[in-house]
Amino acid sequence: MTDLEHQVFTQVRAIISNEEQVIGRRGILIPLKKAIIADGDIRNVIDIVSSDPALAAHMLWRSQSAACVSGNTSKNRSLKDALVRLGQVNIYRYAFTFYLKERLDELPQPYKKLVYGYWALTESIAADAVDSLHMMEGVDINPDEVQTLALFSVFGEIIALTAFAYLNAESEESFPLSIIKTLIDNQKQTLTIEAFESLGLDEELKDEFMIAHNLRQTRDPNSPGLVLRRVLSMRNQLLKPL
């Protein structure tokens with residue numbers, strides 16, 4: 001690693017550790033996390049989600065996208081139905097990705113275009129993973145757990161590129177894109193794991209992500225990570241190739 005690459009690497013990691021800077025809208029996520037950790041009345045969670053109509057609509061869409069592909073043709077007629085079916089952990093994961101995507105909309109070019117490429121890849125992987133689950137027999141895996149996990153498939157790349165965009169916006173000098181490309185290529189695993197640790201995501205998500213990327217093994221046949229691993233392997237996206 002060159003001195004300049006090391007400088008950028010250090011500064012990008014510092015930005016990644018700043019949860020508010022990376023994810024932006026904390027007005028919903030913070031109380032949502034507190035309500036979920038408290039494991040209290042689902043009505044508190046419903047009230048928090050419904051306070052942002054865009055998030056509520058997103059939850060309904062996400063719920064239907066996983067349920068319909070998985071062969072469940074029943075429709076959630078209300079936000080309450082959708083949130084009860086999703087489960088509180090999946091609710092937070094979906095909310096996090098919703099506000100992350102909203103944050104990406106604010107990025108200047110060319111970073112917005114580049115990160116949108118990663119986001120499109122993520123959505124495609126998520127669709128393939130849920131399709132793959134639908135084709136499997138003899139497993140008891142929640143399709144929303146597969147979908148929420150898959151939405152973090154290239155999480156490190158998205159967060160690193162976002163942090164680099166903020167770094168260039170705040171720096172007196174502009175660092176070339178080739179530097180972050182090199183860092184993503186060579187330090188992807190470090191950047192990804194640090195992003196998980198810094199951004200307050202649940203441990204189960206991190207564990208299944210590690211399984212999905214072949215960084216950890218499991219004997220659990222009902223692991224969402226194993227479902228995603230097959231898709232990531234076919235797309236040559238594993239952090240540790242098989």
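The following questions and answers concern a predicted model of a protein.

Visitor: How many helices and how many strands are there in the protein?
Guide: Read along the sequence, the pattern is α-α-α-α-α-α-α-α-α-α-α-α-α. The count is 13 helices and zero strands.

Visitor: Which radius of gyration does the protein have, and what would a compact globule have?
Guide: The C-alpha atoms fill a box of roughly 55 × 40 × 30 Å along the principal axes. A compact globule with 242 residues would have a radius of gyration near 18 Å. The value for the protein agrees with this, being 18 Å.

Visitor: What percentage of contacts between residues at least 6 apart in sequence join residues at least 24 apart?
Guide: Contact here means heavy atoms within 4.5 Å. Among the contacts in the protein that join residues at least 6 apart in sequence, the share joining residues at least 24 apart is 71%.

Visitor: What share of the 242 residues is buried?
Guide: A residue is buried when its relative accessible area is under 20%. In the protein, the buried share of the 242 residues is 50%.

Visitor: What span should helix α8 have, and how far apart are its end C-alpha atoms?
Guide: Helix α8 covers residues 111-135, which is 25 residues. At 1.5 Å a residue, the helix should span 36 Å. The separation of its end C-alpha atoms agrees, at 36 Å.

Visitor: Which residues are buried in α8?
Guide: In an α-helix there are 3.6 residues a turn, so residues three or four places apart point the same way. The buried residues of α8 are Tyr111, Val115, Trp119, Thr122, Ile125, Ala126, Ala129, Val130 and Leu133.

Visitor: Why is the pair of Phe152 and Phe196 tilted?
Guide: The structure holds nine aromatic pairs. In the pair of Phe152 and Phe196, the ring centres are 6.1 Å apart. Planes under 30 degrees apart would count as stacked and those over 60 as edge-to-face. The pair is tilted because its planes are at 35 degrees.

Visitor: Where do Phe152 and Phe196 lie, and how many residues apart are they?
Guide: Phe152 is in the loop between α9 (143-150) and α10 (155-170), while Phe196 is in helix α11 (residues 177-198). Phe152 counts as buried at 0% relative accessibility, and Phe196 is buried at 3%. The pair links distant parts of the chain, 44 residues apart.

Visitor: Which residues do ring pairs link into a cluster?
Guide: Phe152 and Phe196, whose ring centres are 6.1 Å apart, both belong to this cluster. Its members are Tyr92, Phe96, Phe152, Phe155, Phe196 and Phe209.

Visitor: Which residue forms a salt bridge with Asp144?
Guide: The count of salt bridges comes to eleven. Asp144 lies in helix α9 and its partner in helix α6 (residues 79-86), so the pair ties together parts that are 59 residues apart in sequence. With the closest N and O atoms 2.8 Å apart, the partner is Arg85.

Visitor: How many residues apart are Asp202 and Arg93?
Guide: Asp202 forms a salt bridge with Arg93, with the closest N and O atoms 2.8 Å apart. Asp202 counts as partly exposed at 22% relative accessibility, whereas Arg93 is buried at 4%.

Visitor: Which residues are in contact with Thr97, leaving aside its neighbours within four places in sequence?
Guide: Thr97 is in helix α7 and is buried, with a relative accessible area of 2%. A polar atom of its side chain lies 2.9 Å from the backbone oxygen of Tyr94. Beyond those neighbours, Thr97 is in contact with Trp119, Leu151 and Phe152.

Visitor: Which residues are in contact with Gln11, leaving aside its neighbours within four places in sequence?
Guide: Gln11 lies in helix α1 (residues 3-16) and is partly exposed, with a relative accessible area of 29%. Its C-alpha atom is separated by 16 Å from that of Ser178, 167 residues apart along the chain. Beyond those neighbours, Gln11 is in contact with Leu167 and Phe175.

Conventions. Residues numbered from 1 in each chain as written. Predicted model: local features only at pLDDT ≥ 70, side-chain atom pairs only at ≥ 80, totals over all residues. Heavy atoms only, no water. Phe/Tyr/Trp six-rings, centres within 6.5 Å; stacked < 30°, edge-to-face > 60°. Helix = DSSP H or I, 4+ residues; strand = E, 2+ residues; numbered from the N terminus. Buried < 20%, exposed > 50% of the residue type's maximum accessible area, 1.4 Å probe, protein only. Salt bridge = Lys/Arg side-chain N within 4 Å of Asp/Glu carboxyl O. Expected span 1.5 Å × (residues − 1). Polar contact = N/O pair within 3.5 Å; in protein donor to acceptor, adjacent residues only side chain to side chain. Rg over C-alpha atoms; globule rule 2.2 N^0.38 Å.
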